[in-house]
Amino acid sequence: MSAVGRHHENIRVVAVWCPDWPAIATARAESIGVEQPLAVLHNGAVMACNAPARAAGIRRGVRRRDAQFRCPELIVRDADPGRDTAEFEPVARALDGVVAGTELLRPGLVVLSAPGALRYYGGVDELVEVLVAAVAEVDVECLVGIADEMPTAILAAREGACLEPGADADYLAPLPLGLLAAEQALLAGPELDELLDLLRRLGVRTLGAFAEIAPRDVATRFGSFGTAAHRICRGERWRLPSVSSPPPGLEVAETCDPALERIDQAAFVGRRLAVRMHDQLAAAGVACIRLAVVARLEDGREVRRVWRCAEPLSAEATADRVRWQLDGWITGAGSGTTRDDDGVEQRSGGAIVSLVLEPLEVVAAGKLQEGLWGSAGLAGARARRALQRVQGLLGTESVRVAAAAGGREPARQVDTVAYGEDFAPGRVDITWPGQITGPAPSVVSPPKSYRLLVTESGGRRLVPLGEGVELLDRQDHAIVAGERGLLTGEPVRVRLGTLGLGVSGWSAPWPDDGDWWHGGALRVRMQIAPVGAAALLLSAATGASRWSVEGVYE
C-alpha cells in the first residue's frame, strides 16, 4: 500500500447523522405523533421539520408565516438546544455501547474514528449495520457516512455514502455549493452567507468548481474563512496544523455537595466551571475546540461526553454545552435504569456528585476574537440570550424590535418585527414624495390621553391633546387647507381644547395624496411650534377645521 493510502486509512472518519433531529427531539419530548406536521424555528425561520411538513411544501429557511400559510395545521415550536441534547442522550449512549471514542458535534450528529471500529467489526458493511441497529434500538433512524476527512464524512452521511480511501475530492466535486451551509457544525455565520453569495455571483455552482481555484487565489480574495471552506471542498485536512494537545493542568473539577439533582443547580455549577476553565485557557494562550464533560453519579458510575466544535469555544459557549449535557444526564437520559425484584424499571444514579471539564484539543488563542477589553462581546451575547430566552418562554412574537420600513408618514417609516427575524422591506432608500424629513418626531401618533407639557408665566402644566387642535388666524377664524393644500390664513395661535397658545414658527404645508386610489380626500401636513410647548406635526383633510397631531417633537 502506498504512503498516501496508509495516510487515508489512518485518518478515516465515521459520521452518524439523525435527520431532522430538532423536530424529532421535539416530537419525542412532547409526544407529538409522527403523522402530525411539525416545524422547529430559529430566528423566525424553519430550521428543521418532519416528513409530513415537507410533504406540505415546507423547507428549511421558510419564514413562519409562509410555513403556516402552506400548512395551516402545522405545529410550530422554537428551537431549544437543551431539549435536543437531553433527547439525544439515549442515542449517544446506544452508540457508546457499540463503538468507542464517539464525539458529539451537535445533537443529531456524532463522529468517531473509523480504523479501530472497522477492524473490530470486520469491514464497512458490518460497522454500518451495527451502528444503524444500535440507534434503531432507541426508536431513531440514522444514516452513516465514511470518508477520509470529517467534513466529507458528514456530507456523505446525508446520502448514506461510504467512500473508498482517497475518494473525498471526487465525491465532493459534483455536489452543489449550498451544501457548505447545510451543516452548521462545519461552517456557519454571516461570513458563510457572504462567501456563498459572492461565489454564486462569480459563477461558481459546485464544490468542485470552488476546489479548482488555486489556494493562493482563495486566500488572497476570500481570506481565512474562504480558505477553510476551500480545504473542505478539496478534501484536505480540515484541522489546521495549529491544533495541538492542551498543556497539562487545564482541566477543572468540582465536587458537588449536596449532589446536583436540579437543572438550575447544575447550570450554575457548570457555568462557574466554564469560566474557570476559560480563564486557565486564556492564561495559557490557547482556546478549546474539543471538550470532554465528565460527571460521576451517585451510584458510582461515570458518564462522559465529548463535544467537538468548528470554532474555538468561548466561556458562554462552553457553559451552554455543559448545561445541555447536564440536562440530559439529570433528567434521566444518561443515568440509566435498573430493574427491581418484580421486574419494574427504576431510575438510578441520576444525581451528580462531581463534575470535570477537560479540554482535549486546543488552538492558539488568536483564533478566538476577543473584544477590546477581553470580553469577546459577552455583554451583547448575554443580551441576545436574554431576549431569546424570553421568546422561548412566551413565544417568538413576544419580543419585537424597531426596523426602518420607509414611507411618507412617521407611523409608517418604522415597523416592528419579531426579534431575530430578517426584515428587508426594500423601500427604505426610496425618495417618497411628501415624506417627513429629519429630524423625525420623538412621539408618533400620540394617543388621545397624551398630555403636552406647556410652560406659561404662571408655571408648567400638562394639557391633553384630546381630539386634536385648531389653528387660528388674526381674526380668530379657523384655518383650513384648500383643495390645492394652501392655507386659508396665517397661523398666529394654536387652540388646545380651551387653551390658546401663540405660534413662534410654522412650516409651509405640503399635500399628501398617497392613498388616492382609496378615494380618500387629499391630506395636508405641516409643522408648527407653539409658544411654550414642543413643536407639533399636524395633518388634516382638505376643508377640515380641526387638525390631528401625528407627532410631537419633544
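Predicted model: local features only at pLDDT ≥ 70, side-chain atom pairs only at ≥ 80, totals over all residues.
Across residues 333-349, pLDDT remains under 50, yet the model has 41 contacts for this stretch beyond four places in sequence. Within the protein chain, the lowest confidence falls in strand 11 (residues 337-339), with a mean of 38, whereas the highest is found in strand 7 (residues 143-147), at 92. The average pLDDT of the protein chain is 78, and 79% of the residues score at least 70.

The packing of two helices was examined next. Helix 6 (residues 114-121) and helix 7 (residues 124-136) have axes that come within 8 Å and cross at roughly 100 degrees. Because angles of 65 to 115 degrees count as roughly perpendicular, helix 6 and helix 7 are therefore roughly perpendicular to each other. On the side of helix 6, the contact is made by A117, L118 and Y121; helix 7 contributes V124, E126, L127 and V130. By class, this contact of helix 6 with helix 7 comprises six nonpolar residues, one charged residue and no polar residues.

An unreviewed UniProt entry places the feature "domain: UmuC" at residues 36-73. Over residues 36-73 the chain is 32% helix and 26% strand, and the end C-alpha atoms of this segment lie 8 Å apart.

Conventions: Residues numbered from 1 in each chain as written. Heavy atoms only, no water. pLDDT = per-residue confidence, 0-100. Helix = DSSP H or I, 4+ residues; strand = E, 2+ residues; numbered from the N terminus. Contact = heavy atoms within 4.5 Å. Axes fitted to C-alpha atoms, helices over the stretch in contact; angles between N-to-C directions. Parallel < 35°, antiparallel > 145°, perpendicular 65-115°, else oblique. Nonpolar A, V, L, I, M, F, W, Y, C, P; charged D, E, K, R; others polar. UniProt positions renumbered as here; feature names shortened; annotations may be inferred.
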